[in-house]
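Here is a short briefing on strand pairing and charged side-chain contacts. Please look over the sequence and the fold before reading on.

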Amino acid sequence: MKRWHLTNRILAVAGVAGISMMGMAVADGHHRDSHVNVITQAVTEGTADNALQGEPMTYLIDFQDPDESRRWRAINDNVMGGISQGGMRVEAGVGVFSGETSLANNGGFASVRRDPEAFDLSDAPGLGLQVRGDGRTYQLRLYTDQLPQGAAYRASFQPAVGEWQRVAFSWRDFEPMFRGRLLEGIPPIDPAGVDQVGLMIVDRQAGPFRLEVARLETL
């Protein structure tokens, strides 16, 4: 199991506020699930440059790595006949998940998934994302061998428009989902088994989207 080591943490903290986010009724492919309450913590950040400086911290994915952009692939609603578009690229050391969602042909989602990686998260209490959003709701998705193929543990979050924020997730925030349905009888996520991560937008809205990601880190 590969262990990742300490590197630069995101920025001097400007302020901390606990926020409660209501995950919107969302689809994962074909169906829609019920509302989900996700409690996260947002830290307002200044600029992208600031968000890439600060104290050392254990991290998993850092888009300053020149090879990182090649590790992501798009999975959009064209797999079911939709016409939404989305993908991941890197701009100045920041990952940009962007595109445009369309509700045509019963579609409405765009997603990206990173190549599998043998993460070792057994000692971590949760995960943190350093992001700047556009006001729309996104999902952080985790994949393990606890779930059938295509299913994921997901948590929803809605970063404020135009501000760098740190969104923190505990493991209990993640629910097992398959095609928009909550899976029954599935145990809580086992952090030691996480071997793939992804991002998705599926908020019943049509239009352009843009989520900037500085890094994914352990809490």
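Is Glu212 buried or exposed? Glu212 is buried, as its relative accessible area is 12%, under the 20% cut-off. The model is predicted. Its salt bridges number 13 across the whole structure.

**Salt bridge Arg132–Glu212**
- Glu212 and Arg132 join their side chains in a salt bridge, 3.0 Å from N to O.
- The two residues sit 80 apart in the chain, with Arg132 in strand E9 (residues 126–132) and Glu212 in strand E16 (residues 207–218).

**Salt bridge Asp203–Arg136**
- Arg136 and Asp203 form a salt bridge, and their closest N and O atoms are 2.7 Å apart.
- Asp203 is in the loop between strand E15 (196–201) and E16, and Arg136 is in the loop between E9 and strand E10 (138–143), so the pair ties together parts 67 residues apart in sequence.
- Asp203 is buried at 1% relative accessible area, and Arg136 is buried at 7%.

- Seven strands form an open sheet with antiparallel pairing, in the order E5-E8-E15-E10-E11-E13-E14.
- Strands E5 (72–74) and E14 (181–182) are the edges, each pairing on one side only.
- Three bridges join strand E11 (residues 152–157) to strand E13 (residues 175–178) in the antiparallel sense.
- Glu175 in E13 is the bridge partner of Arg154.
- The side chains of Arg154 and Glu175 also meet in a salt bridge, at 3.9 Å from N to O.
- Arg154 is buried at 2% relative accessibility, whereas Glu175 is partly exposed at 23%.

**Network**
- Salt bridges link Asp65, Glu68, Arg71, Arg114 and Glu117 in a network.

Terms used:
Residues numbered from 1 in each chain as written. Predicted model: local features only at pLDDT ≥ 70, side-chain atom pairs only at ≥ 80, totals over all residues. Heavy atoms only, no water. Pairing = 2+ DSSP bridges. Helix = DSSP H or I, 4+ residues; strand = E, 2+ residues; numbered from the N terminus. Salt bridge = Lys/Arg side-chain N within 4 Å of Asp/Glu carboxyl O. Buried < 20%, exposed > 50% of the residue type's maximum accessible area, 1.4 Å probe, protein only.
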